[in-house]
Amino acid sequence: MAFDLEMIKNVYAQFGPRIAAARNVVGKPLTLSEKILYAHLWENPASRAFERGKDYVDFAPDRVAMQDATAQMALLQFMQAGRKKVAVPSSVHCDHLITAQVGSSEDLNVAVNSNKEVYDFLASISNKYGIGFWKPGAGIIHQVVLENYAFPGGMMIGTDSHTVNAGGLGMIAIGVGGADACDVMAGLPWELKFPKLIGVKLTGKLSGWTSPKDVILKVAGILTVKGGTGCIVEYFGEGATSMSCTGKGTICNMGAEIGATTSTFGYDDSMERYLKATGRAEVAELANGIREHLTADPEVYANPENYFDQVIEINLSELEPHLNGPFTPDLATPISKMKEVAAANGWPTKVEVGLIGSCTNSSYEDISRSVSLARQAAEKKLSPKAEFTITPGSEQVRYTIERDGFLEVFDKIGAKVFANACGPCIGMWNRMGAEKQEKNTIVHSFNRNFAKRADGNPNTFAFVGSPELVTALAIAGDLSFNPLTDTLINADGVAVKLDEPSGDELPNRGFAVEDAGYQAPAEDGSSVQVMVSPTSDRLQLLDSFPAWEGTDLKGLKLLIKVKGKCTTDHISMAGPWLKYRGHLDNISNNLLIGAVNFYNEKTDSVKNQLTGEYGPVPATQRAYKAAGIGSIVVGDENYGEGSSREHAAMEPRHLGVRAVLVKSFARIHETNLKKQGMLALTFADKADYDKIQENDKIDINGLTSFAPGKALELVLNHADGSKDSILVNHSYNAQQIEWFKAGAALNIIKAGVAN
């Protein structure tokens, strides 16, 4: 079934003329990324060329996607916007609130019962406002989007950082906070700084043990977790066209781990095959009709250095399987080097658990290549030395692999199949023994491996690899095992070697499913009631944040000076806290509890300047709020990397933090802070981070003349009576300054509806 076919027809009908206009104003051939961006300008046709990395631009995305954890806050905000129906096709996917513990059916039943209030809220609000609703068990948002909604040349935003997965079908798909989604659903333009462009030329062809996952693991090692910030990564070359559509999705998915705005590929035969296999032949035919516009102009790929800000070249024929980690997704190690690198770093090499699936690697192809190894293990009398789990990406994938006998093969080697949900990938894993916090190693095909992310244990060393490599390492039980060269001793005491994995890009008998889990909204939702109990501890209607008082900010307390990496997991943890994603006050009790305090190197322990005592971060901030005192958070590099969760911005705003001052921001988090009326500031001189003292009272001057490109002054009033004055920068444009003055971007939307 092809969703939103008329919308896609409309987009394609305007594509050619809009690209012609863009090419005229830019004055040179266009990359694919530029074509899609210019084709989706809020005001078309293009009348000027935009400067990459500098100009803020208004866009008109084609659709919005939300997962259940972030959809709650996004839709609570949308309720305040005063609109009767979403302005663009939108969908909600129930995938984050299902805990992996026993097995698929048992875990799903527990989730449906324990989250009934939230699911009922999401179903009813979707029904009311014309939003497609995917029930718990339907699958992981990004796999479901790829199977049903993504289309070449389209633009979408989603309230999850891995929305970028849809780049595998040639989209510009970007992760955002719920406030951005609210704007687009309300029919307003969506603002983005025009991205810089990184071109990745793929030559050669993947073979043997190497998979698309290894491409992005290699790229992450090259660019690091912030090397793609503010950029779109565009893949091209013979290596790109030789890969499957879902393999492209895997690469785009993990582009979030290098900070990229998004990643994408030009339309090719693999995308056409995937569209037809997933019941969207009409979309494929439409795309074929404008095929020339769904890839870069020929001159671009012939001389990429003239059109991209940076070019990377990778020969797939020479690429080796990689493992990235631990504790960061950009620490890339070729499998042939892992033995010596692990020994040099003292990493535990006994693999306790291997986990495949997640939104990154849960396609039919991924699982078919893994099952080829599981089948070998059974035939060669090898028993996995580690626990082994599979998380299918969607009910369509799960139903099809069961029909094709894959689950039976996995069962023979003792594997456990979890529900079609995020599960361990986002910390929704009730792992037995994790509370002991023992040092151990796991390998998985997920996208992130920050400390404590999968199981809550800070001593779990998590390594990211392809599904086939993870399967091999689970069989071997040894991180240093290299399946390309090493042998294993089987039950008969014989040394055996695993053959190269093999699998099918798409099911030979086609996909099949009995109930995909989709619920269409009412044609007219005006009579649908959305009920939120005032006594609920899961859901809470929102109050507007107060407007700026019109003065400079004086006497702010330092809440915390964060040391080192501070992701959105550190600012607003997932795992058990997911249940409070619709209740701002309750979830604010996890504010920055994972961040390391510079002054004592402890987590969730900061000095309360009112009492002189150390205590939890949220409790300390609540004390400041009760006393009517604002505060400031100071952070390090790439602050807020990781998930798109806007709770990491809404929680400090709700509790009275006025500003976040860091060495550098991750893109989504900086935007989220701005949307909520916070001051997102960066040190003009990063060395000034060292001038911040624990007992400082801080003034922010220059707000009465707040203007784009104009630095603000911070006065650090130290406890000994001395002062330091430092300059801080910001990236606010005129519109974003109005968000700050109004107290939040949503306040402006509400005022517009009221007027």
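**Figure 1. Cavities in the predicted model.** How many cavities of 30 Å³ or more does a search of the whole structure find? The search finds nine. The views that follow visit two of them, then an open pocket, a sheet and a pair of helices.

**Figure 2. A close-up of the largest cavity.** This cavity holds about 210 Å³ of space. Its lining is made up of 20 residues, and the ones closest to the centre are Ala256, Gly259, Gly642, Ala666 and Ile668. Which helix gives the largest share of this lining? That is helix H23, residues 667-675, with three residues. Sorted by class, the lining has nine polar residues, seven nonpolar ones and four charged ones.

**Figure 3. A close-up of the second largest cavity.** Here the volume is about 180 Å³. Look for His96, Asp160, His162, Ile426 and Arg453, which lie nearest the centre among the 22 lining residues. The lining of this second largest cavity has eight nonpolar and eight polar residues, together with six charged ones.

**Figure 4. A close-up of the largest pocket.** The largest pocket contains about 950 Å³ of space. It is lined by 39 residues, and Gly427, Gly456, Ala574, Gly575 and Pro576 are the closest to its centre. Two helices, H4 (104-114) and H19 (568-571), are the elements that give two or more residues to this lining. H4 supplies the largest share, five residues. What classes of residue make up the lining of this pocket? There are 17 nonpolar residues, 11 polar residues and 11 charged residues.

**Figure 5. A close-up of an open sheet of four strands.** Follow the strands across the sheet and you will meet them in the order E10-E9-E8-E11, with parallel pairing. Strand E10 (262-265) and strand E11 (310-315) stand at the edges; each has a single partner strand, so one side of each has no neighbour in the sheet. From one strand to the next, the twist averages 20 degrees. For a closer look at one pair, find strand E9 (residues 231-236), which runs parallel to E10 and is joined to it by four bridges. Which residue of E10 is the bridge partner of Val233? The partner is Ser263.

**Figure 6. A close-up of two packed helices, H11 and H12.** A pair of packed helices can be described by the angle between their axes and the distance between the axes. For helix H11 (residues 269-277) and helix H12 (residues 281-289), the angle is about 150 degrees and the axes are 7 Å apart.

Definitions and conventions: Residues numbered from 1 in each chain as written. Predicted model: local features only at pLDDT ≥ 70, side-chain atom pairs only at ≥ 80, totals over all residues. Heavy atoms only, no water. Axes fitted to C-alpha atoms, helices over the stretch in contact; angles between N-to-C directions. Pairing = 2+ DSSP bridges. 1 Å grid on protein atoms, 1.4 Å probe; cavity = no way out; pocket = protein on both sides within 12 Å on 5 of 7 lines; lining within 4 Å. Points joined across faces, edges and corners; volume = space filled by probe spheres on them. Nonpolar A, V, L, I, M, F, W, Y, C, P; charged D, E, K, R; others polar.
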